[in-house]
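Thanks for making the time. I have one structure to show, and I will keep to the packing and a few side chains.

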Amino acid sequence: MELLFVTLGGVILGIIARYALPGRGTHGVILVPAVGALASAVLWVALTWLGWPWDGGWIWAVTLVAAGLIVAVVDLVLGRVREEADRRRLADLLSGRAPISAPAR
């Protein structure tokens, strides 16, 4: 049950990061919350395997703080990388160096 709650906490941190950090137009609505869920679940399981008690406060604090940091870094880096890729692609299209693919039928 605690794994469910900590995963939900990771999703909430992802939602907060999605709307609080810049670059949300560069990725989908579910991506950053999914990263939060994955990070918090993996961290929680790893810490329980290391012997941290699931009913202690430290496992909650470490898991949620680390998941929040991971979500923030992924959101910021992903936004920056995708904006740069979009700029390069637009420059290639405007200069005629990149082929324009035909629309799918």
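I will go through the helix contacts and then some individual residues.

Before the details, note that this is a predicted model.

Start with the contact between helix α1, residues 2-20, and helix α2, residues 31-49. Their axes are 7 Å apart, and the packing angle is about 145°. In handedness, the crossing of α1 past α2 is right-handed. On the α1 side, the contact residues are Glu2, Leu3, Val6, Thr7, Gly10, Val11, Gly14, Ile15, Ala17 and Arg18. On the α2 side they are Val32, Pro33, Gly36, Ala37, Ser40, Ala41, Trp44 and Val45. Sorted by class, that contact of α1 with α2 has eleven nonpolar residues, five polar and two charged.

Next, α2 against α3. Here the packing angle is about 145°, with the axes 9 Å apart. The crossing of α2 and α3 is right-handed. From α2, the contributors include Leu31, Val35, Ala39, Leu43, Trp44 and Leu47. From α3, they include Ile59, Trp60, Val62, Ala66, Ile70, Val74, Asp75 and Leu78. The class count for α2 with α3 is 16 nonpolar, four polar and one charged.

How exposed or buried is Trp44? With a relative accessible area of 4%, Trp44 is buried, because the cut-off for that class is under 20%.

Now the aromatic pairs. How many are there? The count is one. The pair is Trp44 with Trp60, in an edge-to-face arrangement, with 4.8 Å centre to centre and 65° between the planes. Trp44 is in helix α2 and Trp60 is in helix α3, residues 57-95, so the pair ties together parts 16 residues apart in sequence.

The charged end of Arg18 sits over the ring of Tyr19, 5.3 Å from the ring centre.

Leu4 lies in helix α1. Leu4 is exposed, with a relative accessible area of 52%. Leu4 and Leu64 are 60 residues apart in sequence, and the C-alpha to C-alpha distance between them is 13 Å.

That is what I have; questions are welcome.

Note on methods
Residues are numbered from 1 along each chain as its sequence is written. This is a predicted model: local features need pLDDT of at least 70, side-chain atom pairs count only at pLDDT 80 or more; totals for chains, interfaces and linings use all residues. Side-chain values use heavy atoms; hydrogens and water are left out. Axes are lines fitted to C-alpha atoms, for helices over the stretch in contact, and angles run from 0 to 180 degrees between N-to-C directions. Helices (H or I, at least four residues) and strands (E, at least two) are DSSP runs, numbered from the N terminus. A crossing is left-handed if the near helix is turned anticlockwise from the far one by less than a right angle, and right-handed if clockwise. Contact means heavy atoms within 4.5 Å. Ala, Val, Leu, Ile, Met, Phe, Trp, Tyr, Cys and Pro count as nonpolar, Asp, Glu, Lys and Arg as charged, and the others, Gly among them, as polar. Rings of Phe, Tyr and Trp (its six-membered ring) pair if their centres lie within 6.5 Å; planes under 30 degrees apart count as stacked, over 60 as edge-to-face and the rest as tilted. Buried means under 20% relative accessible area, exposed over 50%, partly exposed in between (1.4 Å probe, protein chains only). A charge sits over a ring if NZ of Lys or CZ of Arg is within 6 Å of the ring centre and within 35 degrees of the ring normal.
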